[in-house]
Amino acid sequence: MSQQHTSEQYFDESAAHRRFETLAIHAGNTADPLTGAVVPPIYQVSTYKQDGVGGLRGGYEYSRSANPTRTALEENLAALEGGRRGLAFASGLAAEDCLLRTLLAPGDHVVIPDDAYGGTFRLFAKVLSRWGVDFSVAHTSDPAAVQAALTPRTKAIWVETPSNPLLNITDIAGLAGIARSAGARLVVDNTFASPYLQQPLALGADVVVHSTTKYMGGHSDVVGGALVVDDAELADELAYHQNAMGAVAGPFDAWLVLRGIKTLAVRMDRHCENATRIAEMLTTHPRVSKVLYPGLPEHPGHEVAAKQMKAFGGMISFQVDGGEEAAVAVCDRAKLFTLGESLGGVESLIEHPGRMTHASAAGSALEVPSDLVRLSVGIESADDLLADLQQALG
Ligand SMILES: *Cc1c(COP(=O)(O)O)cnc(C)c1O
């Protein structure tokens, strides 16, 4: 963490062979050169003393451009996604905004999924559309639908897999081929899977997007976002815009995400184990009409998920017999599952997407079923979680 940031510095050849669990703990986490502190300090600082005009002592000049705690996180993110460069932002949407305003110009077009994260949809529909960026909505699980949505102006295909909240699965490698022949970039929002379960760059994606607020941070105590790319030129363009636009992760937030990531592998194992047990219970429950979980053999994306993911994740959605009011009542009756938005923390959450996270998609192509309940399955005792859901379902 000593030289001014260049794209090459983020790619440590000697560590590239290490396994995920090791990289999660060690990549970017070099002992502090001054004190030997094993954990990178929170460099809560805005500016750096220069050794004469233009002489940068440690490679840093101003913390919007680069900050050592953020550099540690960015190196870690790059290693975990197998990319050349990671960039940390103030939120997932700040990362998305920086990416899209780097890639796109007025007149350009993007294909987005028909169940994109509500905030992603809002960014396209309400913000970028005012700047002349056009988009089409397609069911990205179906490659023919994506192909049909392409125009000569399409510059990017946006994918979320598993998607939010319908847990649809998109074949990343398949869409990478379509994007390449169309001259468009393939962007994968990897928030639901995390790099432990799925590594989009290795499957042919150009850019990985994260809300690090979710599984990466993992403790519902920080809001953050990230981009990871392998292409050196794109990395430099994004870094330029990150500094020019300024929505960077602060040092304390970067430190919290870096801390969360150390346990990502063990947390994800437990999230997946607990979710599998809950999904199995829900499929046999008389009040549940449909369970959406890619780990279930009957899920339409099960085979693709098994091919591109290590396991099936901690998110489950299900539909409740009795419609919207019945679904809302289940959310209200849950006790151990906390009623709340967001996901990916150690504590289990329950919510009604139609009235909560996806309320802004009402009336659009992204509207979600009104009888849908979404679970973010935490890492508590699975037995306690099962008991709570059973009582909430009545
Ligand atoms: C939460 C979320 C985002 C947005 O991230 P913020 O950190 O809330 O800005 C983007 N994509 C997905 C899939 C998310 O769940």
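V291 stands opposite F318 in strand β9. This description, like the rest of the report, concerns a predicted model. The two strands β8 and β9 (residues 315–320) pair in the antiparallel sense, and four bridges join them. Strands of a sheet pair through backbone hydrogen bonds, in either a parallel or an antiparallel manner.

Strands β8 and β9 belong to an open sheet of five strands, in which the order is β8-β9-β12-β11-β10 and the pairing is mixed. Which strands form the edges? They are β8 (288–292) and β10 (338–339), each of which pairs on one side only.

## Salt bridges

How many salt bridges does a search of the whole structure find? The search finds nine. Side chains of opposite charge can pair when their charged atoms come close. Is D97 buried or exposed? D97 counts as buried because its relative accessibility is 18%, which falls under the 20% cut-off. R101, with a relative accessible area of 44%, is partly exposed.

A second salt bridge joins K155 to D108, with 2.9 Å between the closest N and O atoms. This pair links distant parts of the chain: K155 is in strand β4 (residues 154–160), D108 is in the loop between α3 and β2 (109–113), and the two are 47 residues apart. K155 counts as partly exposed at 35% relative accessibility, whereas D108 counts as buried at 9%.

E324 forms a salt bridge with R355, and the closest N and O atoms of the pair are 2.7 Å apart. Here too, distant parts of the chain are linked: E324 is in helix α12 (residues 323–333), while R355 is in the loop between β11 (349–351) and β12 (372–376), at a separation of 31 residues.

How exposed are the two partners? E324 is partly exposed, with a relative accessible area of 28%. R355 also counts as partly exposed, at 43% relative accessibility. The contact is part of a network of salt bridges that links E324, E325 and R355.

## A negative surface patch

Which residues form a negative surface patch? The patch is made up of D230, D231, E233, D236 and E237. One of these residues, E237, has its place in helix α8 (residues 232–245). E237 is partly exposed, since its relative accessible area is 33%, a value that lies between the cut-offs of 20% for buried and 50% for exposed.

## Position of H219

H219 is placed in the loop between β6 (207–211) and β7 (225–229). With a relative accessibility of 33%, H219 counts as partly exposed. H219 and A125 are 94 residues apart in sequence, and their C-alpha atoms are 31 Å apart in space.

## Backbone features

Most residues other than glycine have a negative phi, and most peptide bonds are trans. Several places in this model depart from that pattern. The peptide bond from T161 to P162 is cis, with omega near -5 degrees. Another cis peptide bond joins N164 and P165, and its omega is about 10 degrees. P162 is found in the loop between β4 and α6 (172–182), and P165 is found in the loop between β4 and α6 as well.

L167 is also found in the loop between β4 and α6. What is the phi of L167? It is near 60 degrees, a positive value in a residue other than glycine. L167 is buried, because its relative accessible area is 1%. S194 likewise has a positive phi, near 70 degrees, and is a residue other than glycine. S194 lies in helix α7 (residues 194–197). With a relative accessible area of 1%, S194 is buried.

Notes. Residues numbered from 1 in each chain as written. Predicted model: local features only at pLDDT ≥ 70, side-chain atom pairs only at ≥ 80, totals over all residues. Heavy atoms only, no water. Patch = residues over 30% accessible without salt bridge, like charges linked within 9 Å, V, L, I, M, F, W, Y side chains within 5 Å. Areas by Shrake-Rupley, 256 points an atom, 1.4 Å probe, with all protein chains shown as cover. Salt bridge = Lys/Arg side-chain N within 4 Å of Asp/Glu carboxyl O. Lys, Arg positive; Asp, Glu negative; His and termini not counted. Charge placed at Lys NZ, Arg CZ, Asp CG, Glu CD. Buried < 20%, exposed > 50% of the residue type's maximum accessible area, 1.4 Å probe, protein only. Pairing = 2+ DSSP bridges.
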